[in-house]
Amino acid sequence: MSSPQSIEVPDALVASYTRNGGEDERTWIARLPALVAKLLDRWELERDGGIGSGEASLVVPVRRTDDTRAALKLQMPREETTAALIGLRAWNGDGIVRLLDHDPESSAMLLERLDGSRTLASVEDDDAAMSALAGLMARLHSVPAPEGLRGLGDVARDMLASVPAAVGALRDPEDQRRLRGWASAVTELAGEPGDRMLHWDLHYGNVLAAEREPWLAIDPEPLVGDPGFDLWPALDTGWERLHVAGDAPRAVRRRFDLLTEALGLDRQRAAGWTLARLLQNTLWDIEDGRTTIEPSQTAVAEALPRH
């Protein structure tokens, strides 16, 4: 039997849950070693490498009884965790990591093992990398959305309801004008929110090298909506490197052209739904206490086709 004492939770994950969370989060992180040990025994898994973590999840490399490699992923049960399970079951490994098993009580997932050391960011040619991402995105969008996922229409309505207070929180009149403009674009589109199953966070860091295919997506946050709402993470991916190279506006425009062509999207609608992502990001920033719009958000907006 596995021992909870042998399961070391990375300090960064502990800090993430205890610094920003409440009693429920602290309790969950304290019980995590015992939960890992319990699942290792239940699924007859052997540890097969060092434990890793993201901002909210623990990942334990394992081997199954048939010697296939897998990854045990644990995250505190939330709405987005449930959505990820629904999406992974529906996609069934088509362009994305395959769900091998899951525990309904804890929301723990047993996933196929991908190469966590090699993301799509390792591809030097940005056109080649973005083409690979676009191909995965097209496959993900082609799968009919199952029941139980949140819709973009609800997300858009919630955003628009938050705009008046958010505008007042911005210090710069130009930022206030910009936020109203983004909200206006969302208002025009909100009546037709779309019906595709979106990944919501598909960027280079969430595409890993794999054995059964060159690349597969990971870490979805499924949402039902217009494919244009899925573009921003790809447009923004590797932003710091683009900014340092002085290449950001051209790269964003090139990526936008490539993605909209590969996905067969209406460019103006795609631009409008990308502005919706910028609005969403900025609303979250304001909730966190920011009083200005992040420069990268403005730069992406200015690189998009004009309405």
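User: Why is Thr 298 called buried?

Analyst: The model is a predicted one, and in it Thr 298 has a relative accessible area of 12%; buried means under 20%, so Thr 298 is counted as buried. Thr 298 is found in helix H11, which covers residues 295–303, and, not counting residues up to four places away in sequence, Thr 298 touches Arg 178 and Ile 293.

User: What makes Asn 206 buried or exposed?

Analyst: The relative accessibility of Asn 206 is 6%, and because the limit for buried is under 20%, Asn 206 counts as buried. Asn 206 lies in the loop between strand E8 (196–198) and strand E9 (207–209). Leaving aside neighbours within four places in sequence, the residues in contact with Asn 206 are His 199, Asp 201, Leu 216, Ala 217, Ile 218 and Asp 219.

User: Which residues have the most contacts inside the largest nonpolar core?

Analyst: That core has 80 residues, and those with the most contacts inside it are Leu 133, Leu 179, Trp 182, Phe 229, Leu 231, Leu 259 and Leu 279. Helix H10 (residues 267–287) gives the most to this core, with nine residues. Apart from this core lies another, of 22 residues, among them Leu 32, Leu 39, Ala 70 and Met 76.

Note on methods. Residues are numbered from 1 along each chain as its sequence is written. This is a predicted model: local features need pLDDT of at least 70, side-chain atom pairs count only at pLDDT 80 or more; totals for chains, interfaces and linings use all residues. Side-chain values use heavy atoms; hydrogens and water are left out. Helices (H or I, at least four residues) and strands (E, at least two) are DSSP runs, numbered from the N terminus. Buried means under 20% relative accessible area, exposed over 50%, partly exposed in between (1.4 Å probe, protein chains only). Contact means heavy atoms within 4.5 Å. A nonpolar core is a set of buried Ala, Val, Leu, Ile, Met, Phe, Trp, Tyr and Cys residues joined through side-chain atoms within 4.5 Å.
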